[in-house]
Amino acid sequence: MNGEEEFFDAVTGFDSDNSSGEFSEAHQKVTGMIDLDTSKNNRIGKIGERPSQENGIQKHRTSLPAPMFSRSDFSVWTILKKCVGLELSKITMPIAFNEPLSFLQRITEYMEHVYLIHRASCQPQPLERMQSVAAFAVSAVASQWERTGKPFNPLLGETYELIREDLGFRFISEQVSHHPPISAFHSEGLNHDFLFHGSIYPKLKFWGKSVEAEPRGTITLELLKHNEAYTWTNPTCCVHNVIIGKLWIEQYGTVEILNHRTGHKCVLHFKPCGLFGKELHKVEGHIQDKNKKKLFVIYGKWTECLWGIDPVSYESFRKQERRGDHLRKAKLDDSSGKADSDVADDVPVAQETVQVIPGSKLLWRINTRPPNSAQMYNFTSFTVSLNELETGMEKTLPPTDCRLRPDIRGMENGNMDLASQEKERLEEKQREARRERAREEAEWQTRWFYPGNNPYTGTPDWLYAGDYFERNFSDCPDIY
């Protein structure tokens, strides 16, 4: 997995029709107005030197330095029209379609609702723990709602750390492979209550009007107090109307969460929107024991909330509901037969709230987004803080951290020309580094993760090597 192929990213000029910036390996996860001097790449503090609070308990910023850049003047059709049905990791896109985050930072958004993990750890019964773990798995994709910008592809060797003492966790990720693009991550509870880790390498395809991100890679959550491990894979994410019309996102597919100690399994169905959009954003599923007996039903929306109820009450309610459905059969929309190539997919009108079945238990509810979210790439409050570079932080970060990446910083500050120029420079620097390794017949060496097998599924995975927080960054690569 460490072997490299040709670096396919193209020139990223911003003003011309030939501008490019690769289409992200994920379409799914910040900070001040500091302009980094890109000549100072080796910002390494003393081993163990940290700010008094790192990036833990303090007040985080509530907005980005500059508003989102308008994408209305850019057409992607000339780039994508020859790519229908193809995998998109080698296709380039204008930087205007990015958001000012690396994909490593976007993965970190899994942790926004980390309280669900803490809650699971405190539950005495495996059924209750699975309820909270299932809610966490759904909440992990909630930040993708209305997020139509692509994150920056991480450079090989790029890293990102996040320590949130107020939320009780620390997180480290590294881009461990470029072809295929693989991002590995590891998080742990500051109270030693959990480990959360995995490797992500989604595969993207373009289908004429939409881009589909098929998930690859296993996600593992370990509840240390209970000696339990849960594994699952994320649902498929699809972005509609990438050529014409209003962009909108749906998640679909089956997610199976397995408790490897007790045999409990949660099966969650992320529903495709359907012909009339009735199923848009819906999630339905159940928890079963090792004998496949259904113990608990889960329903809701990944954009809003998740509820649970006992199976008998759920089936009784649905039976009453079906009695009325046969009286309300809808006719097919005559417009559904129009040519697929020249008509935008109408944005389904989703039901604003989930119909709560009497006796249900609330498992999770999405956080309210800040009022200026639409001008900030539809970021959540948690996401807004991810690229924040506080005073003195650069002394304790490795030189590979996303916060020090100048193209992302330029875009965040509203300087799109600088962002495009820096992105092109970084890509060429990475190409040259690859050529140099080829001349020397040297393989890329990852720093914080190593290839192995997942200890619970036996499938290929990337495992945390440890020692990152000892802060010996003397041998980190110069990638910026």
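Helix H4 is largely enclosed by the rest of the structure, because 12 of its 14 residues are buried, where buried means under 20% relative accessible area, exposed over 50% and partly exposed in between, with a 1.4 Å probe and protein chains only. The model is a predicted one, in which local features need pLDDT of at least 70 and side-chain atom pairs count only at pLDDT 80 or more, whereas totals for chains, interfaces and linings use all residues. Residues are numbered from 1 along each chain as its sequence is written, and side-chain values use heavy atoms, with hydrogens and water left out.

**Helix H4 and the annotated region**

- H4 covers residues 126–139 and reaches 20 Å from its first C-alpha to its last, close to the 20 Å expected at 1.5 Å a residue; the expected span is 1.5 Å times one less than the number of residues.
- Helices (H or I, at least four residues) and strands (E, at least two) are DSSP runs, numbered from the N terminus.
- Among the buried residues of H4 are Pro126, Arg129, Met130, Gln131 and Phe136.
- The UniProt annotation "coiled-coil region", from an unreviewed entry, covers residues 416–443; UniProt positions are given in the numbering used here, feature names are shortened, and annotations may be inferred rather than shown by experiment.
- Over residues 416–443 the chain is 89% helix and 0% strand, with the end C-alpha atoms 34 Å apart.

**Aromatic pairs and cluster**

- A search of the whole structure finds 14 aromatic pairs, a pair being rings of Phe, Tyr and Trp (its six-membered ring) with centres within 6.5 Å, counted as stacked when the planes are under 30 degrees apart, edge-to-face when over 60 and tilted for the rest.
- Tyrosine 110 and phenylalanine 196 form an edge-to-face pair, at 6.3 Å centre to centre and 65 degrees between the planes.
- Tyrosine 110 lies in the loop between helix H2 (103–108) and helix H3 (115–122) and phenylalanine 196 in strand E6 (residues 194–200), so this pair ties together parts that are 86 residues apart in sequence.
- Both tyrosine 110 and phenylalanine 196 are buried.
- Phenylalanine 196 also forms a stacked pair with tryptophan 232, at 6.3 Å centre to centre and 25 degrees between the planes.
- Because phenylalanine 196 lies in strand E6 and tryptophan 232 in strand E10 (residues 228–232), the pair ties together parts that are 36 residues apart in sequence; tryptophan 232 is buried, as is phenylalanine 196.
- One aromatic cluster is formed by Tyr110, Phe136, Phe171, Phe185, Phe196 and Trp232.

**Charges over rings**

- Arginine 170 lies over the face of phenylalanine 469, at 4.1 Å from the ring centre, the criterion being NZ of Lys or CZ of Arg within 6 Å of the ring centre and within 35 degrees of the ring normal.
- Arginine 447 lies over the face of tryptophan 448, at 3.8 Å from the ring centre.

**Hairpin of E18 and E19**

- Strand E18 (residues 449–453) and strand E19 (residues 460–464) pair in the antiparallel sense over five bridges, pairing being assigned if DSSP finds at least two bridges between two strands.
- The two strands form a hairpin with six residues between them, and glycine 458 in the turn has a positive phi of about 80 degrees.
- Tyrosine 450 stands opposite leucine 463 in E19.

**Cysteines and an exposed loop residue**

- The structure holds zero disulfides, a disulfide being a pair of cysteine sulfur atoms within 2.5 Å.
- Cysteine 273 is buried, with a relative accessible area of 12%.
- Asparagine 227 lies in the loop between strand E9 (219–223) and E10 and is exposed, with a relative accessible area of 63%.
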